[in-house]
Amino acid sequence: MGLGLLTLSATLPSVTTSGAPNADNVTLNTSSMLQYQVILFFFSLYLVAFGQGGHKPCVQAFGADQFDAEHPVECKAKSSFFNWWYFSIAAGILLTLLILNYIQENLSWVLGFAIPAIVMAVGLLVFVLGTMTYRFSVKGDEESPFVRIGRVFILAIRNRKIASSAIATEESLKQFKFLDKALLAPDSTMEQGKVCSMREVEEAKAVLRLAPIWATCLIYAVVFAQTSTLFTKQGATMDRSITRGIEIPAATLQCFISFSILLFIPIYDRIVVPLARAFTGKPGGITTLQRIGTGIAVSAIAMVIAALVEMKRLQTAREHGLVDKPNVTVPMRVWWLVPQYSLCGLSDVLAIVGLQEFYYDQMPNELRSIGIALYLSILGVGSFLSSFLISVIETVTGKDGRDSWFADNLNRAHLDYFYWLLAALSALGLALYVYSARSYIYARRSSS
């Protein structure tokens, strides 16, 4: 619906006052029509965002639910599902960057919005046609997981003054011991059924254990946000020509990330995982936390490479006297950016896919779509943190009339300093992540 309304907003004719007998009336009508167009346009965008908010976490969790975690073959297939899911996403993004961007810029915005609207409609039809083949989780008479987990925290607070020396000391109970109080009754008059079971306490602890992993991955999300912003600005100043008269659009540089994802996912799924599985015996080859940590490390290396390339770009601009000529192309080929884009793609293969599988697998069964939403929230919050960090640095470094690190003239800016800062923050974030991951206790059903 959102994409369809976007197509409609693009089809509305523009009003012109040329040759009009009453220019004032036409101006009023034009202003009114533009207001309606803007309202329709933004309503359509928010409708797309609203739909994606429900679609993204639920459809991925539902897809993973089609595999039986207790079946040895399907358990391995489920781990591969997350790899090929992201492979498909990358393929779609690549087609968008290569085809839709060109159509929207050179042919028609109506066609550029109509094509994805039609594709989504076909996707919905295919999804509905498969209804009879899907596996569904049969819900019994159990309480809502929100009620169960909430009761654990309420009873733990209520029973905080009761001695808990009699509670069993299982490995999973060594963390967040204050929740163990939910296993105890405060007195003999307590209502039957108000004491939480061991399973309910473990569910609450499983959710709470995810918080440190979530927080320590935020720095990775800040790095993730740069690929579509500063990397693009960096490439826009460089020589993007392929042949005489043909130039790569700056926004299309993100194709390098999609290309690397399409390259590395088959390698990882078909070569790396089987080799690692032969040594570890784990269905995924390595644990999801190890996979995520490796991705964070690769993203830190990508920031180091980005800083070195930016230093080279600034040096080239100085050597050719282009420091005060921001509109002149720096004679440095855009291919210098390929390593940092490729490393970011490899980082996505490891960290993003790992986070998807981790949050799906470690949440209680009924909250798996919420788990995927939590993974998505890492990227959303990281994007906000990136904007906040850039605003603060720009204010501090731009004082007293100096050029800030993010000056409009990139030849006087210092993106290299910012990349070095992100590399240092990534190293710090990785250290905190490793500390949190080492003490993490996987949920019992996990095959990681």
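I take buried to mean under 20% relative accessible area, exposed over 50%, and partly exposed in between, with a 1.4 Å probe and protein chains only. With that settled, R368 comes out buried, at 13% relative accessibility.

**Ground rules**

This is a predicted model, and I number residues from 1 along each chain as its sequence is written. Local features need pLDDT of at least 70, side-chain atom pairs count only at pLDDT 80 or more, totals for chains, interfaces and linings use all residues, and side-chain values use heavy atoms, with hydrogens and water left out.

**Confidence**

I looked up pLDDT, the predictor's confidence in each residue, from 0 to 100. The chain has a mean of 82, and 87% of its residues reach 70 or more. Residues 15-26 sit below 50, and I find 7 contacts for this stretch beyond near neighbours in sequence (a contact being heavy atoms within 4.5 Å). Residues 188-193 are also below 50, with 4 such contacts in the model. Where pLDDT is low, the predicted coordinates should not be read in detail.

**Overall make-up**

I get 13 helices and 4 strands in the chain. These are DSSP runs numbered from the N terminus: H or I with at least four residues for helices, E with at least two for strands. Of the 448 residues, 42% count as buried. Taking contacts with a separation of 6 or more, I see 75% of them between residues 24 or more positions apart.

**Helix α3**

α3 runs over residues 72-106, which is 35 residues. From first C-alpha to last I get 51 Å, close to the 51 Å expected at 1.5 Å a residue; the expected span is 1.5 Å times one less than the number of residues. There is still a bend of about 35 degrees at T96, taken as the angle between axes fitted to the seven residues ending there and the seven starting there.

**The core**

Next I looked at nonpolar cores, meaning sets of buried Ala, Val, Leu, Ile, Met, Phe, Trp, Tyr and Cys residues joined through side-chain atoms within 4.5 Å. The largest one has 81 residues, and those with the most contacts inside it are I213, C217, F358, Y359, F418, Y419 and Y433. Helix α11 (residues 338-362) gives the largest share of this core, 10 residues.

What does Y419 touch, not counting residues up to four places away in sequence? I list L230, F231, Q234, M303, A306, A307 and E310.

α7 (residues 218-226) is mostly covered, with 7 of its 9 residues buried. Those are L218, Y220, A221, V222, V223, A225 and Q226. The cover over them includes α6 (198-216), α8, α10, α11, α12 and α13.

**Salt bridges**

My rule is a side-chain nitrogen of Lys or Arg within 4 Å of a carboxyl oxygen of Asp or Glu. By that rule the count comes to 5.

- D65 and R368 meet at 3.4 Å, N to O. They link distant parts of the chain, 303 residues apart: D65 is in the loop between α2 (23-64) and α3, while R368 is in helix α12 (residues 368-397). D65 is partly exposed at 25%.
- E310 pairs with R313, closest N and O atoms 2.9 Å apart. Both lie in α10 (residues 288-319), 3 residues apart, about one turn of the helix. Is E310 buried or exposed? E310 is buried, at 0% relative accessible area, and R313 is buried too, at 1%. I note again that E310 is on the contact list of Y419.
- D324 and R412 meet at 2.6 Å, N to O. This pair also links distant parts of the chain, 88 residues apart, with D324 in the loop between α10 and β4 (330-333) and R412 in the loop between α12 and α13 (415-438). D324 counts as exposed at 54%, whereas R412 is partly exposed at 36%.

**Two spot checks**

T232 is in helix α8 (residues 230-236) and is buried, at 14%. Leaving aside neighbours within four places in sequence, I find T232 in contact with T227, A250, A251, Q254 and Y341.

V272 is in helix α9 (residues 255-280) and is partly exposed, at 37%. From V272 to G284 I count 12 residues in sequence and 9.7 Å in space, C-alpha to C-alpha.
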